[in-house]
Amino acid sequence: MNVSQIITDTMTLQEKLDAIDAAMKAAQEQAQEEAKATGAIVAPLDPASLTICDGCE
């Protein structure tokens, strides 16, 4: 995912947050579709898990 394709300097903070939310939703939907095709299960994306190190989990 390329941030410069999602966010521009002229966007307001709310527009940037909305664009990030939409990109995350699209990525999650794509992962779910790919998982369905292979019979796997995809857990929902939790943004909070990106802020904690693996050793602390």
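## A nonpolar surface patch

In this predicted model, Leu13, Leu17 and Ile20 make up a nonpolar patch on the surface. Together the three residues have about 270 Å² of accessible area.

An α-helix has 3.6 residues a turn, so residues three or four places apart point the same way. Isoleucine 20 is part of helix H2, which covers residues 13–38. Is isoleucine 20 buried, partly exposed or exposed? Its relative accessibility is 33%, so isoleucine 20 counts as partly exposed; that class lies between under 20% for buried and over 50% for exposed.

## Helix H2

H2 has 26 residues, and at 1.5 Å a residue it should span 38 Å.

After H2 comes glycine 39. The phi angle of glycine 39 is positive, near 80 degrees.

## The buried side of the account

Which residues of H2 are buried? They are Ala19, Ala23, Gln28 and Ala35. The buried residues of H2 pack against helix H1, residues 3–6.

## The protein as a whole

The secondary structure consists of two helices and zero strands. The protein has 57 residues, and 7% of them count as buried.

How much accessible surface does the protein have? The total comes to about 4800 Å². Carbon and sulfur atoms account for 57% of that surface.

Note on methods. Residues numbered from 1 in each chain as written. Predicted model: local features only at pLDDT ≥ 70, side-chain atom pairs only at ≥ 80, totals over all residues. Heavy atoms only, no water. Patch = residues over 30% accessible without salt bridge, like charges linked within 9 Å, V, L, I, M, F, W, Y side chains within 5 Å. Areas by Shrake-Rupley, 256 points an atom, 1.4 Å probe, with all protein chains shown as cover. Salt bridge = Lys/Arg side-chain N within 4 Å of Asp/Glu carboxyl O. Helix = DSSP H or I, 4+ residues; strand = E, 2+ residues; numbered from the N terminus. Buried < 20%, exposed > 50% of the residue type's maximum accessible area, 1.4 Å probe, protein only. Expected span 1.5 Å × (residues − 1). Contact = heavy atoms within 4.5 Å.
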